Amino acid sequence: MHDKTVTQLAAALADGELTSRELTSHYLQRIERLDSKLNSFITVTADQALKAADAADQARAKGNAGLLTGIPLALKDIFCTKGVKTSCGSKMLDTFIAPYNATVVEKLNAAGTVSLGKTNMDEFAMGSSNESSFYGPVKNPWDLSAVPGGSSGGSAAAVAAGLVPAAMGTDTGGSIRQPAAFCGITGLKPTYGRVSRYGIIAYASSLDQAGPMARTAEDCAHLLNHIAGHDLRDSTSLARGVPDYLDTLDAPLSGLKIGLPKEYFGDGLDPEVAAAVREAVRVYESLGATVREVSLPHTHYAIPAYYVIAPAEASSNLSRYDGVRFGHRCENPLDLTDLYKRSREEGFGDEVKRRILIGTHTLSEGFFDAYYKKAQQVRRLIRQDFLDAFEDVDVLMGPASPSPAFDLGAKKDPVSMYLQDIYTISVNLAGIPGISVPAGFVGNRPVGLQILGTHFAEAQLLNVAHKFQQATDWHRQRPAFAKENA
Amino acid sequence: MALEDSHVRRAAHLARLGVSDDQARGFVDDLNRILEMVDQLQSLDTEGVAPLAHPLDATQRLRADEVTESSQRDTFQHSAPAVENGLYLVPRVVE
């Protein structure tokens with residue numbers, strides 16, 4: 001049962017082969033039995049899930065079921081869920097019970113899906129390995145000595161291990177695509193503003209975007225259909241119609257023009273990852289696509305620009321954690337300043353503190369123009385690189401990450417961790433959509449092919465990813481962990 | 001632009017973030033490595049390039065100036081560390 005895709009499970013529910021209660025119970029039992037080895041969930045909401053499953057079954061009996069009614073999902077613990085702990089992976093919010101639902105959660109509830117709980121993540125989504133979580137690292141189901149990627153590492157690991165058929169993640173610099181690649185699943189970061197950020201705990205507001213993580217592009221299309229769209233409660237969400245992403249999934253790829261950015265195949269790329277990506281590109285050629293090399297000349301400035309812009313926005317966003325209105329509060333504060341300083345010192349982990357300090361420093365008097373303004377100018381140049389490339393090609397392809405999943409504890413130096421995001425981070429700066437699909441292995445660790453499109457090209461990305469998954473079976477591979485524990 | 005201990009302490013104070021002496025030393029090293037990486041930006045000529053704040057250059061939408069939220073003080077104060085009579089408690093700020 002847990003090997004099936006959302007699409008297959010939806011069909012089984014519609015045909016009456018199983019009920020949502022049976023499905024939900026099955027996954028909850030797997031989580032209870034197996035997640036102690038992975039640590040992919042922070043909170044499991046079993047009682048609420050079973051109630052929601054029963055409601056879904058009743059709705060179906062009355063003829064009120066939609067395509068996703070009764071499908072179990074998990075939510076990264078960054079989505080506010082009413083009445084449920086929403087920690088963002090931080091001690092700061094260890095006791096925070098969200099008083100309202102994120103728009104994404106409202107929409108998924110309205111679609112009749114069943115949330116099984118909240119998945120582990122890097123603290124405040126700051127990390128590429130899931131090791132900065134207050135709740136401990138997540139293990140990669142393909143190799144328990146490897147990281148699952150981050151920051152949506154819990155969502156990726158849970159889907160890969162068959163603990164849930166799909167999960168929601170967020171992506172500020174690669175946090176959906178890189179863990180999807182490391183865990184051998186499919187993950188889509190939509191265009192900035194395509195999905196409402198309302199109720200998603202903010203990290204870097206001009207970069208954050210939510211998206212689906214599942215086994216297949218088809219499953220991601222199902223989920224995006226339900227979560228995309230304008231939201232009056234998010235002033236940066238875009239008022240633009242949402243197509244039915246399932247309609248164009250099967251469109252033929254003959255004539256598709258693929259660009260391979262030469263900067264994505266240079267020094268630092270694992271040769272076996274490069275080989276897997278080039279093999280995937282050959283599959284596309286066999287499907288009728290043409291391939292050419294393109295250049296994104298400012299690629300190497302993306303990580304420097306990101307580590308000004310994201311920490312600057314984070315230092316502002318995280319100023320709300322003051323120990324007064326919600327979140328951790330220190331014992332016996334001497335005065336108000338001591339209350340602020342010690343509550344934040346105790347509540348935040350080291351990586352969060354580093355980014356608050358960097359952001360505060362670069363925004364401070366005397367440094368603002370040299371850092372923040374400069375980074376925003378470079379951001380425009382990076383976006384222009386992509387817009388120029390999309391004049392000549394339909395999509396760009398390359399690796400999602402320079403290497404497969406690395407070992408737990410392998411990246412102790414912050415900068416070496418940051419460099420992991422070289423192929424994903426510029427996509428957030430440009431605001432374009434990107435998807436990672438399974439495209440092979442290095443040893444027992446999966447490789448992700450990243451496909452990028454221009455603004456609002458989600459339908460095309462899902463189509464291009466889906467056709468690849470029709471022609472290959474990388475996405476059907478399951479880790480030994482899931483098989484042994486079937 | 002190398003960062004010194006005084007820069008870290010200033011940023012920590014501005015951010016109201018307590019940092020021990022030991023930690024501050026570690027942060028000086030970390031932040032210097034990060035800023036050294038960031039300083040690659042300085043080699044790029046950006047004269048005349050407009051800063052980009054929203055990836056689609058969208059502007060903030062305006063709405064009618066109407067009250068749309070209802071009072072949910074009790075709900076919100078459930079998550080507060082210390083409240084009394086509907087008020088948030090903090091250390092005395094006025095003697």
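**Exercise 1. The core.** Which residues touch the most other members of the largest nonpolar core?

*Solution.* Keep in mind that we're working with a predicted model.
- Step 1: the largest nonpolar core has 165 residues, and those touching the most other members are A:Leu73, A:Val159, A:Val164, A:Ala167 and A:Ala305.
- Step 2: look for the element that gives the most to this core; that's helix H9 (residues 302-317) of chain A, with 10 residues.

**Exercise 2. The annotated site.** Find where UniProt places the feature "active site", then work out whether A:Ser151 and A:Ser175 are buried or exposed.

*Solution.* 
- Step 1: the UniProt record, an unreviewed entry, puts the feature at A:Lys76, A:Ser151 and A:Ser175. These positions are spread over 100 residues of sequence, yet they cluster in space, with a largest C-alpha distance of 11.0 Å.
- Step 2: A:Ser151 sits in the loop between E3 and H5 of chain A, while A:Ser175 sits in the loop between strand E4 (166-170) and helix H6 (177-183) of that chain.
- Step 3: count neighbours. The cut-off for buried is 20 or more other C-beta atoms within 10 Å. A:Ser151 has 34, so it counts as buried; A:Ser175 has 37, so it is buried too.
- Step 4: check contacts beyond four places in sequence. A:Ser151 touches A:Ser175, along with others including A:Met121, A:Asp122 and A:Asn130. From its own side, A:Ser175 has A:Ala125, A:Gly150 and A:Thr170 among its partners.

**Exercise 3. A bent helix.** Where does helix H2 of chain A bend, and what do its buried residues pack against?

*Solution.* 
- Step 1: H2 (residues 20-38) of chain A bends by about 40 degrees at A:Glu32.
- Step 2: list its buried residues, among them A:Leu23, A:Tyr27, A:Leu28, A:Ile31 and A:Leu38.
- Step 3: these buried residues pack against several elements of chain A, including helix H1 (6-14), helix H3 (46-61) and strand E3 (114-119).
- Step 4: see what follows the helix: A:Asn39, with a positive phi near 65 degrees.

Definitions and conventions
Residues numbered from 1 in each chain as written. Chains lettered and ligands numbered in written order. Predicted model: local features only at pLDDT ≥ 70, side-chain atom pairs only at ≥ 80, totals over all residues. Bend = angle between axes of the 7 residues up to and from the residue. Helix = DSSP H or I, 4+ residues; strand = E, 2+ residues; numbered from the N terminus. Buried ≥ 20, exposed ≤ 12 C-beta atoms within 10 Å, placed from the backbone. Contact = placed C-beta atoms within 7 Å. UniProt positions renumbered as here; feature names shortened; annotations may be inferred. Core = buried A, V, L, I, M, F, W, Y, C linked by C-beta atoms within 7 Å.
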